[in-house]
Structures are given as structure tokens and as C-alpha cells.
Amino acid sequence: MKLLRVQLKQFRQFRDTLELTGLEPGINVFHGPNESGKSTVAQAIRAAFFERHGSSTLGHLQPWGDSAATPEVSLDFHWQGQAYQLSKRFLRQKRCNLRIGQQEFDGDDAEQHIAQLLGFEVPARGASKPEHWGIPGLLWIEQGAGQEFRDATGYAAQHLQAALDQSVGELASSDGDAVIRKVQERMARFLTTANQAPARDYALALKDQAALQEELQAMDHTIANYRSQVDQLDALQQAHDRDVADTPWLALRQQEQQATQQLQHAEQLLHNQQREQQALADCLTTQKLLHDQLHSLEQYSVQVRQREQAWHDAQQACQQLQQGSISVQAGLDSARVAWDSASIALKQARSAQLQYSKAQEWQQAMNSLDDMQAQLTLAQQQDQAMQQQQTAALQWRSQPERLKRLLALHHELATLDARRRSVATQLEFDIQNGHILYLDDQPVQGQGRYELVGSGELRIPGVGAVRIIPGGQDLGALGRRHQQAQDDYDAILQELGVVSLEQAQEHAEHHALAQTAVNEHKARRDAYAPQGMQALSDRVQHQQQLVQRLRQELPSVDAPADQTDSTLLTAAEFAGALVKAEAAAAQAESDVKAAETVFHQHAVALATAQATLQTATQEHELALGRLQASQAQDQEKQLLQQLNQHRAQALALQERIAQYQQSIDTVRPDILRQDIQRFAISAQQQEQAHALRERNLLTLQAQLQVVGAQGLEEQRSALAGQLALLQRRVDEFSRNAQALKLLLGLLQGKRHELTQRLQAPLQKHLDHYVQLLFPQAHLSVDEHLVLSQLSRPNSAMDASSLADVDALSFGAREQLGLISRLAYADLLSAAGKPTLIMLDDALVHSDACRLGQMKRILFDAAQRHQILLFTCHPDNWRDLGVAPRPIRPVI
């Protein structure tokens, strides 16, 4: 099969027409960026074959947002020397037309014919699904689905199997399949098809056998328990009789009492030892106090000498500081005098600076006041002129709308007059001198002309009257309109207070000139007083108050004593003098602070020396007093005597404490406490065990009486007989199942050999392609023609490695999926079936090396099949031997 032309209109990405022509019989590469319409072209080809033209569920084929569009696809292709043309239109004006040479098919007939040709199914209703796509669904790889081949192969399995049978040239024997089915049916009576587990009667027999075995085991367990309980009852009775005769818990209670008495004696020894230890601690404390008192007596002489030396040092330091006080006070007084002089000079400089700045501020205020007053005068003049022009404008009052209406009425009257004259009756007369006629009581004589716009009466004295009636049909209406316009015209003249249109226009011109003058004066006034006349007047008044206040402040500033006329100096000179005065004052202040710091430090040092002298004097006198007091009494002798007595007492106490410790170590109070606890717990346990044994003995006697009356041995014999009968039935089921299972295995083995022989043509094509990708590799398929395992040599182990195809990487599964589709295409082509391979962004997960090998495979397959390859990476396919073609709509 060779596709020649693809044309689509109003189809998803393409609102306009897209046409692909000149397709090669081998590889055709179409490229474009993302969302350029590559997948749309592939979907259009699928829709042309798969989708029913009459389906109403194909709205997704319309361009986005265009619900009125009518998707349409046309395909031209050749097969077996005949030209095919397929055309479909969806959703609106639906149609399907198939032309094969001179033969035509329409509607459902066309769709069924093309489905039988390519090997797929037309859905009965709704959109087409993958399970309907058959052979094209296997050979046409959608974007991102290259690795998914299992379902597509299953949907096309029937067509592939037919092609295999046609390639082999003979069909497999149906008798073998019938035998296998009969064996499977017979085996289904014994074993389930899913997991070969027992089924039906066999399963029920096994279930009954298990129940009987469980019941028999329970019966054996009950009998064993009965025998064990009998032995247990005998042992319990013997132990109970021994407890009653020996009463072992009483001996334990006596041992507990003896240990308690020994513990009380040991605790008395501990109490006595603690009393002696407290006495020893008191004796040692007294010894330390006596030692401290003796040491104090020795320190008194040393302290007297130290305090005397400290008193001499303090007296000398105090005298030196008192001698330096005079010079320190003189330095402080000198610094304070200099600081007072600098402060006076700084005050005078600041006063002069203040007077100068106040004078400058007053002068600036005066200048501002003059400017404001001049500005106020000009603003008042403009305001007065504006008011005069406003008065003039009121005198020449004008109403523009009324004047406009007056002009319109004037033009209307002129028009109406012209129209009346055009239709009025013309009365020309030439009367001899001395004769008079009367037209509507108006004398008419001489020569002249009248225009009669209405009826009139011409009276001839001495003769009679002539009634003249104009004959124009519109004359009356024109007269009424003219009168109405004239009345309106006169009313407006009266309203405006004028007698004519010219006077009204003259008044309007005077009013416009006056209003222009008002606007000009107002603009000048607003320029002088932007915030209003009152605001400008308030500013002038405020500035006058500021000038007055500054003028009053000028005399209050003290002038320097050496310069009464401050105006003789400039601002820079005032500032320089102030800086010098401030620097001198700062230096004087720093000197005063330094002198005060020295004075303060000296005063602190003198006070400290005096305090030290006073303290040294007091400590010296106190040390002499303590030394004299201690020598006055004979304390040292008494202290030594008391110390010897306490030493002897301590030795005696230590001996008694050692004796008590020896006695305590012999009786071991801690062990006695453990003995008491041990004897008490043991006695309690013996008593509790005796009571529990007595209760168990009574309970076990009652249980044995009940069980002994049930006849357990007879019941067990009956169960054993039932189990033996059921075991023979289960064995029969098992022999039948195993025999059928063995027979089915042999039959299926033979069938597998036949299947391998049938699959040999497909296997040949698979090996042809896979060995271009993996040299010496083998790709096998299962009985459903689906890829199962890949075997390839392992150079590291010098052996072959076998792997399930589903366990391979994403990229490897994508490559093997394409190889299997090419092998299926070869198989179909050999069986005389049409093939077309379409790849939408295939092999995008292949590395550079694998991609190069897959290009060799594609180029080889293109020698036998037409391939349409859509890609957004044209650079990856430049070495495929064909020029990539861009996807462009027809303009």
C-alpha cells in the first residue's frame, strides 16, 4: 500500500486546508515544532479509516472554539495496482465516499470495505476505540505509545494468525484442538482452570476429609487431655496430702520471727554507734575552735606592727596632698576668670549678630510689603475695570439663542415672501389722470403694480366693484405661515428690547466686546491675586504686622560696647567675630573643666588619704587594745589545757565506735532485712500454692467425672471408619486429575511444537531486525504472538542472558516495540495484506548509538513498506536518506 496524498480541512490544528502530496514509497519524514500539527495529520489519517462518518461524538476533531466547523479528510493511495480515493466529512453534511478505479462505495458500505481491506473493525456506535483498530492500530504508533505493544498486538492477533496460516500454506489440525478442549473439559471436573486447584466433587471430598481429620485430631486431643488430667489429679492429690502433713509455711513464719528479733538488736547497735559518732563530731569541732583561738593570740602582735606601719604611710601621703592644694586652687581660679571673660565676649558677639540679623529680616519684610502693596494696587485696578465692563455688558444684554432664533425667523420670512410673490396675482394698472380706483378702500391712480396675496375688491367709482380671488392653492397656507413667523419675529424683537434685527446684532456685538474686556481684566486680576483679592489683602495686612513687630524688636537688641553702629560691618565680618568668640569661649570652658577635674581629683585624693589616715589610726589603736587585753589574762594556758582534754575524749569515742561497727558487721542488718522479706514471701507462696492446689483438685475431679461419661473411645472408632472411606474416594479423584493433567501436558507440548513451526515466518522477520540492533540476539513471542523474552550474548560471562521484555528499560521496550511492528508488517506483506507504517515522535528515548542502529532498521524496512515519520527534531533524521518536509497549511 502506498499513500499518495493527504488533505484535511477544518481539522483541529488546521482551520484552512492542509495538503501533503508527492509521498515517497519508502520513508517520508515530516517535521515541525511543537503544536505545529504533526499529530493532527496522524490523527486525521486515523479518523479517515477508523471513525464512522455518521458519528456525533467527534467534536474534538473541530478547531478549538469553532463549533460550526466541518472536519474533512481525503486520502489517495495505491494497492495492488488500483487507485483508491477515500473521502470523509464529519459532524455536518456527513458523508463517506470510497472510489476504487471506476467503482464507488458510499456510506457504511465504503467504511466496511476499507475495514476488511486493512484489517480492522468499524464500531457499531460511538467513537472508535483501540480494540477496533486491528492491524492499523498495531502499525500506527501514537505519540508516546511506542513501548505499549501488548494490547495492540492482542487486538490484531486474529489478523496476524490468519497471515501466519497463509504464510505456512496449511492450517493446523482442528482435531488436536478438539481433543485438548475435551481433556480440559474433563479435567475441569477435578481441577480449576485458573490455578489447577481441586474443583467440584474433588474439592468437596477434600473439604469433608479435612473436616473429618480435624474432628479426629480434636477427638485424639480430647482423649490425650483426659489421660493427662487423670495423671495430673493423682499428682495433685499426693502434693495436697504432703502439705497437710508437713505444713511447710509454719516453719517459714518461725524463721521470719527469728530474723525480725535479730534485726531489732542490730538496729539498737546502729543507734548507739550514731550517738557516739555525734559526740565525736562535737569534740572535734571544739578542738578546732580552741586551735583557732590560739592562732588568733599569735596574730595580735603581727597585726600591731602592720597597723603601725600603715598609719605612718597614710600620715605622710596626707601631708603631701595638703601641700599641693594651694597650687591646684590657684589654677582653678585662673581658669574660671578666663572663662568669665570669654563668656562676656561671646554674649556681646551674639548680641551684635542678633541685631544685624533682625535688621536684615526687617528690611526684607519691608521689601516684601512694598511688592505686595504694589501687587494689591494693580489687582484692585483690574478688578475695578472688570466691574465697569460687567456693567457695560449688562447694558448691552444679549441672548445668543434668541438672536439665533431671530435670524432664523428673518430668513424664513424672506423665503416665505419670495414664495408668496412667486404664486401671488400680479395686478398692473395704468389709469388716466383725474380718475381714481379703490383697492380695498385704498386709492389707486396713475401707473403701478400690486401683488395680491389674498382676495381683494377693486371698486370703480360710478361703475361698480371687481372681486379678485388669487387662484394659487398654497397661497393661503403661505400667508398663515408668514403671519405666524412675523408674529414670532415681532415677539422676539420686543423681548430683546430692539426694533430691528440690525439693532439686535449691534447690541450683541457690544455685549461680546464688553464680555471680552471683562475676561481680560479678570485674567490680569487673577494673575496679580491668584488666591483672590481677600487673600492678597490678608497677606498685605499680615506683612504689615510682621514689619511692625520686627521694627519693635530692633531697639531691644543690646549693641556691643565697642561698636554702636552695627551697619558698618558686613554679614561675613559679624559671622567671623562670632566664630572667634565661640572658639575662645569653648577653649576657656575646656580649660575650666580640665582645672575642675584636676581640683576634683586632688580633693578626692586628699579626702581618701585623710580617710585612710583615720582608718589606720583606729585600726592601730584597736590592735594595741586587743594585744593588751590578751596579755592581761592568762588565756593561752587555759586553751592548751582544754585542747588536751578534748583530744583524750576523742580517742575514747573512736574506740567505742569501732567496737559498735565490729558488732554490726557481724550481724549484717541488710542481710537480716532480706531474710525477713524472703521468709515472708516464701511462706505466703506456700500458703497460696496449697489453697490453689486444693481448688484445682476439686475442679479436676468434677471435669473427669463429666468426660468419663461421654464414651470418647467409641466416638473415635466411628470417626476413623468414616475417614478411611473418604480417603479412598479422594485418592480416586487424585489419580484421575493427575492422569488428565499428564495427558493435557503432552497434548499442549505437541501443540507448542506446532505453534513454533507456524510462527517460524514471524520469528524469521523478528530475528532479521533484532540482530541489526543486538547482534546474535533472539526475540521470542508467546502463543498469542506478543513479545515475551529477549536473549542476547553476555560477553562478560561467555553465555547468553535472558530477560523478559517487560523488565527492560523504557527506551529498549520502545525499540523492540518498533522492531516487532516492522516484523508484523513483513509477515502481513508476505501474506498479501496492505501495510502502512506511521510513527508519531517515535524513538525519542533512544540514545545516539541505539538511534543510529534503529535508522538502519527503518531504512531496511522502507525497502518493503511505506513509512510516515512525524518529528519535532529533524536534525536527528538527516542521515535517513530522505529530506525532511515541513508541515505547512495551504495559503
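Reader: Hi! By class, which residues does the lining of the second largest cavity have: nonpolar, polar or charged?

Author: Hello! That lining has seven nonpolar residues, one polar residue and no charged ones. Here Ala, Val, Leu, Ile, Met, Phe, Trp, Tyr, Cys and Pro count as nonpolar, Asp, Glu, Lys and Arg as charged, and the others, Gly among them, as polar. A word on the source: this is a predicted model, where local features need pLDDT of at least 70 and side-chain atom pairs count only at pLDDT 80 or more, while totals for chains, interfaces and linings use all residues. Residues are numbered from 1 along each chain as its sequence is written, and side-chain values use heavy atoms, with hydrogens and water left out.

Reader: Good to know. Which residues line that second largest cavity?

Author: The lining is made of Leu-118, Ile-135, Pro-136, Leu-139, Trp-140, Pro-834, Thr-835 and Leu-836. A cavity is a set of points on a 1 Å grid over the protein atoms alone where a 1.4 Å probe fits but cannot get out, and lining residues have an atom within 4 Å of a point.

Reader: And which helix gives the most to it?

Author: Helix 3, residues 134-139, does, with three residues. Helices (H or I, at least four residues) and strands (E, at least two) are DSSP runs, numbered from the N terminus.

Reader: How much space lies in there, and how many cavities of 30 Å³ or more does the structure hold?

Author: The second largest cavity has about 40 Å³ of space, and the structure holds two cavities of 30 Å³ or more. For these volumes, grid points are joined across faces, edges and corners, and the volume is the space filled by probe spheres set on the points.

Reader: Let's switch to sheets. What is the strand order in the parallel one?

Author: That open sheet has five strands in the order 8-18-19-3-20. Two strands pair if DSSP finds at least two bridges between them.

Reader: Why do strand 8 and strand 20 stand at the edges?

Author: Strand 8 (140-141) and strand 20 each have a single partner strand, so one side of each is left without a neighbour in the sheet.

Reader: Tell me about strand 3. How many of its residues are buried?

Author: Four of the five residues of strand 3 (27-31) are buried. Buried means under 20% relative accessible area, exposed over 50%, and partly exposed in between, with a 1.4 Å probe and protein chains only. Strand 3 pairs with strand 19 (867-871) over five parallel bridges, and two bridges join strand 3 to strand 20 (885-886), also in parallel.

Reader: What are the bridge partners of His-31?

Author: In strand 19 the partner of His-31 is Thr-871, and in strand 20 the partner is Pro-886.

Reader: What about the antiparallel sheet, what's its order?

Author: It is an open sheet of four strands, ordered 11-10-13-14. Strand 11 (442-444) and strand 14 (464-468) are the edge strands. On average, neighbouring strands here are turned by 25° against each other, direction ignored. Three bridges join strand 10 (437-439) to strand 11, with Tyr-438 partnered by Pro-443.

Reader: Now single residues. Is Val-122 buried or exposed?

Author: Val-122 is buried, at 17% relative accessible area, and lies in the loop between helix 2 (107-118) and helix 3. Leaving out residues up to four places away in sequence, Val-122 touches Arg-52, Glu-111, Gln-112 and Ala-115. Val-122 and Arg-52 are 70 residues apart in sequence and 7.1 Å apart in space, C-alpha to C-alpha.

Reader: And which residues does Gln-287 touch?

Author: Again not counting residues up to four places away, Gln-287 touches Leu-643, His-646, Arg-647 and Ala-650. Gln-287 sits in helix 8, residues 248-395, and counts as buried because its relative accessibility is 12%.

Reader: Last one: how many helices and strands are there in the protein chain?

Author: There are 19 helices and 20 strands, and 35% of the 891 residues count as buried.

How values were computed: Axes fitted to C-alpha atoms, helices over the stretch in contact; angles between N-to-C directions. 1 Å grid on protein atoms, 1.4 Å probe; cavity = no way out; pocket = protein on both sides within 12 Å on 5 of 7 lines; lining within 4 Å. Contact = heavy atoms within 4.5 Å.
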